[in-house]
Amino acid sequence: MTAQAAKSMTAAGSAEANDAAKRYGAVLFFSDFDDPVTWGDALRANIPGLDFRVYPDVGDPADIRHVLAWKPAPGFFEPFRNIAQVINLGAGIDSLVGRDDLPDVPISRLSDPGMIALMRSYVLFSVIRYARNIPEFEQAKRRREWHYIHPRPLHQIKVGVLGLGHLGSAVASGLAAAGFDVRGWDIAAKTIEGVRTYTGPERDAFLSEVEILVNMMPHTPQTEKLIDKAVFDALPRAAKFVNASRGPVVDEPALVEALRSGQIGGATLDVFWVEPLPQDHPFWDMENVLITPHLASITVPEAAARDVAESIRRVSAGGEPLHRADTRRGY
Ligand code: GLV
């Protein structure tokens with residue numbers, strides 16, 4: 001870059017900083033889970049001078065042009081009549097669809113490398129834990145028993161990923177790179193290197209050999225209770241199940257029954273129909289269920305703020321945000 005070009009870029013940067021509020025309007029942040037200070041800093045590092053407000057310190061609701069939110073309560077959007085876009089502070093947009101307080105503006109989701117890496121690590125851990133018989137060793141230790149189980153080579157272990165969207169395909173290719181025999185199924189045909197893919201009516205053929213099934217489907221009216229008794233019955237006996245996407249994709253009573261009967265040999269569950277999982281839920285007492293409190297993946301502000309800033313710039317200039325979701329499809 002020439003000195004002249006560098007100088008004009010700096011000048012453009014400071015012009016943006018001086019009139020960021022006028023150019024972009026205000027950004028409103030809402031989340032019970034994410035840290036507003038980190039997000040504010042990360043966004044202002046990308047757009048100096050950005051007018052960043054944290055709910056409930058909204059100021060004049062008419063100033064709000066962009067909403068960055070995670071699971072806002074029903075009615076949340078009603079006061080904000082000038083919003084130009086909503087950015088979901090996560091991957092699944094299920095809490096933003098089918099509500100009547102949202103104006104007709106683009107809704108986008110986050111999809112940063114940090115989120116993908118965390119999701120891959122959660123699923124890889126869960127699958128390896130079963131592949132290497134760790135639950136059996138945990139039980140054997142409680143009995144003070146030296147319990148040898150001959151390890152199986154990873155390429156013999158058949159892992160299935162249901163849902164091959166952005167996160168699902170990253171998870172499937174991560175498992176393949178780790179050495180597993182990976183298959184994937186989705187409603188629409190997908191191609192992923194190193195993964196044998198199935199679509200639509202091939203579902204039972206896909207399930208018939210899967211030893212460890214990973215759910216990565218989004219929650220939409222079409223996918224609700226998609227993983228039901230028929231799915232569990234189509235798996236080989238004592239298959240393991242990992243749910244890292246959304247609870248309502250699973251018929252929970254059918255899963256409880258399959259875990260009790262031994263049709264499903266163990267489950268790793270990060271998401272549930274009701275969260276926090278109610279105290280009296282049968283999963284709590286099941287020795288073969290590992291429960292984690294909806295944290296398989298989170299958004300990493302430093303990584304995602306670049307995309308959010310870019311969406312603020314694009315939408316303010318009349319363009320499309322990054323990672324726009326299709327609210328009719330639900331993801
Ligand atoms: C978490 O569940 C997310 O959708 O980002």
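**Pockets and their linings**

Colleague: What volume does the largest pocket have?
Modeller: This is a predicted model, in which local features need pLDDT of at least 70, side-chain atom pairs need pLDDT 80 or more, and totals for chains, interfaces and linings use all residues. Residues are numbered from 1 along each chain as its sequence is written, and side-chain values use heavy atoms, without hydrogens and water. A pocket is an open set of points on a 1 Å grid over the protein atoms alone where a 1.4 Å probe fits, with protein on both sides within 12 Å along at least five of seven lines. With volume taken as the space filled by probe spheres set on the points, joined across faces, edges and corners, the largest pocket holds about 1200 Å³.

Colleague: Which helix gives the largest share of the lining of the largest pocket?
Modeller: Lining residues have an atom within 4 Å of a point, and helices are DSSP runs (H or I, at least four residues) numbered from the N terminus. Helix 4 (113–131) and helix 6 (166–177) each supply at least two lining residues. The largest share, three residues, comes from helix 6.

Colleague: Which residues lie nearest the centre of the second largest pocket?
Modeller: The second largest pocket has a volume of about 550 Å³. Its lining takes its largest share, five residues, from helix 5. Of the 32 lining residues, those nearest the centre are Tyr130, Pro135, Glu136, Lys240 and Gly265.
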